[in-house]
Amino acid sequence: MAGADEQARAPERAPTIRDVARHAGVSKSLVSLVLQGHGRVSDASRAAVQQAIADLGYRPNSRARALSTSRSNTVGVLLNDLSNPWFVDLLAGLATTLHSSGLSPVLADSRTDHRIGVGSVTKLLAQDVDGLVVVGTTDEEADLVGAAEEVPVVLAGTRDPDLAGADIVVNDDFAGARAAAQHLLALGHTRIAHLSGPGKIGALRRDGFRTTLAEAGLDPDAYLETGGMSEESGYAAARRLLSRPDRPTAIFAFNDVAAIGALSATDDLGLYVPQDISLVGYDNTYLSRIRHISLTSVDNGNFGVGVQAGRFLVERLTAPALPRRVHLVPTRLEVRSSTAAPPPPH
């Protein structure tokens, strides 16, 4: 029987490029750039990678280097609900930029994936995408933190989650909400409700609404309701507001979908838009442009958001060490027939 010193031992695993990236606190693509001798890498990042290589004893071979620098020419696009019409224009802008750069989008719908017990981020990374674009609010924050260590990530139409080095492309939500509130004030409304939404985007729209009402000498919280993003949540919130004895004469919803829910609530309660209730949405989706709905809505420049998100992602693929960037797309209010002066007091 062999002695302990002669017993066979499993060889230690050789460090990989992923180990180097984790040790240096950078992305795998940045390590690849350092290995290639790329010039557009900061001195600090290059030094961190070189120190990690020395600490771990990493030895790239030609095969591993080829694998680490190869690309799939695909970009993962993470959505929280593909049925939401808000995504249509944004995806059109994003696809335009990606295709012109030789990249193909791969879509994943978090809501559908969750129903079958699959994580969308994990699924996209398993397809070796070169980067990720997160469109709208997501509940896969933990997975995205890990993903951002491996591939470039750009947030489009959302500010969540807070990822170091992830670019953000959004519309000016604060200004958009101000425009909606100012429009209703100019029509003569003083009992104005807001169906607020989630995350930092919801907070910015809520702040824009509250600031504008406070400047007009009104109580900004008198008709503030949590409205959510869905038609169902918009319906429930509007029912609560419109059942009050001092019901509002105008409602500003977080998005067009919630506004459609509010429209259904007014109808169920025997009220009319805009004779009894003025209604404003956000996103200016195709729903707002349907003639018999004709919803006044804030246009958030979604096509432009998608175009810029694509540009940021393409730039990060070649220069992952770029400083984080935040790009605001201007908004404008599209006034239609869902808003009018308030009804005369009884």
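Student: Is Arg332 buried, exposed or partly exposed?

Tutor: Keep in mind throughout that this is a predicted model. Buried means under 20% relative accessible area and exposed means over 50%, with partly exposed in between. Arg332 has a relative accessible area of 48%, so Arg332 is partly exposed.

Student: With which residue does the side chain of Arg332 meet in a salt bridge?

Tutor: The general idea is that side chains of opposite charge can pair when their charged atoms come close. In this structure the side chain of Arg332 meets that of Glu334 in a salt bridge, at 2.7 Å from N to O. Glu334, at 24% relative accessibility, also counts as partly exposed.

Student: How many salt bridges are found in the whole structure?

Tutor: A search of the whole structure finds 13. One of them joins Asp283 to Arg205, with the closest N and O atoms 4.0 Å apart. This pair links distant parts of the chain, since Asp283 lies in the loop between E9 and helix H13, Arg205 lies in helix H10, and the two are 78 residues apart. Both Asp283 and Arg205 are buried.

Student: Turning to the strands, what is the order of the open sheet of 6 strands?

Tutor: Reading across the sheet, the order is E7-E6-E8-E9-E10-E12, and the pairing is mixed. Strands E7 and E12 stand at the edges with a single partner strand each, so one side of each is left without a neighbour in the sheet. From one strand to the next, the twist averages 20 degrees. As an example of pairing, strands E9 and E10 run in the parallel sense over 3 bridges, and Tyr282 stands opposite Val298 in E10.

Student: Which helix lies across strands E6, E8, E9 and E10?

Tutor: That is helix H12, residues 256-268, which runs at about 155 degrees to E9.

Student: How many bridges join strand E1 to strand E2?

Tutor: These parallel strands are joined by 6 bridges, and Gly76 has Val106 in E2 as its bridge partner. The chain passes from E1 through helix H5 to E2, making a β-α-β crossover that is right-handed.

Notes. Residues are numbered from 1 along each chain as its sequence is written. This is a predicted model: local features need pLDDT of at least 70, side-chain atom pairs count only at pLDDT 80 or more; totals for chains, interfaces and linings use all residues. Side-chain values use heavy atoms; hydrogens and water are left out. Two strands pair if DSSP finds at least two bridges between them. Helices (H or I, at least four residues) and strands (E, at least two) are DSSP runs, numbered from the N terminus. Axes are lines fitted to C-alpha atoms, for helices over the stretch in contact, and angles run from 0 to 180 degrees between N-to-C directions. Contact means heavy atoms within 4.5 Å. A crossover is right-handed if, with the strands pointing away from the viewer, the path from the first strand over the helix to the second runs clockwise. Buried means under 20% relative accessible area, exposed over 50%, partly exposed in between (1.4 Å probe, protein chains only).
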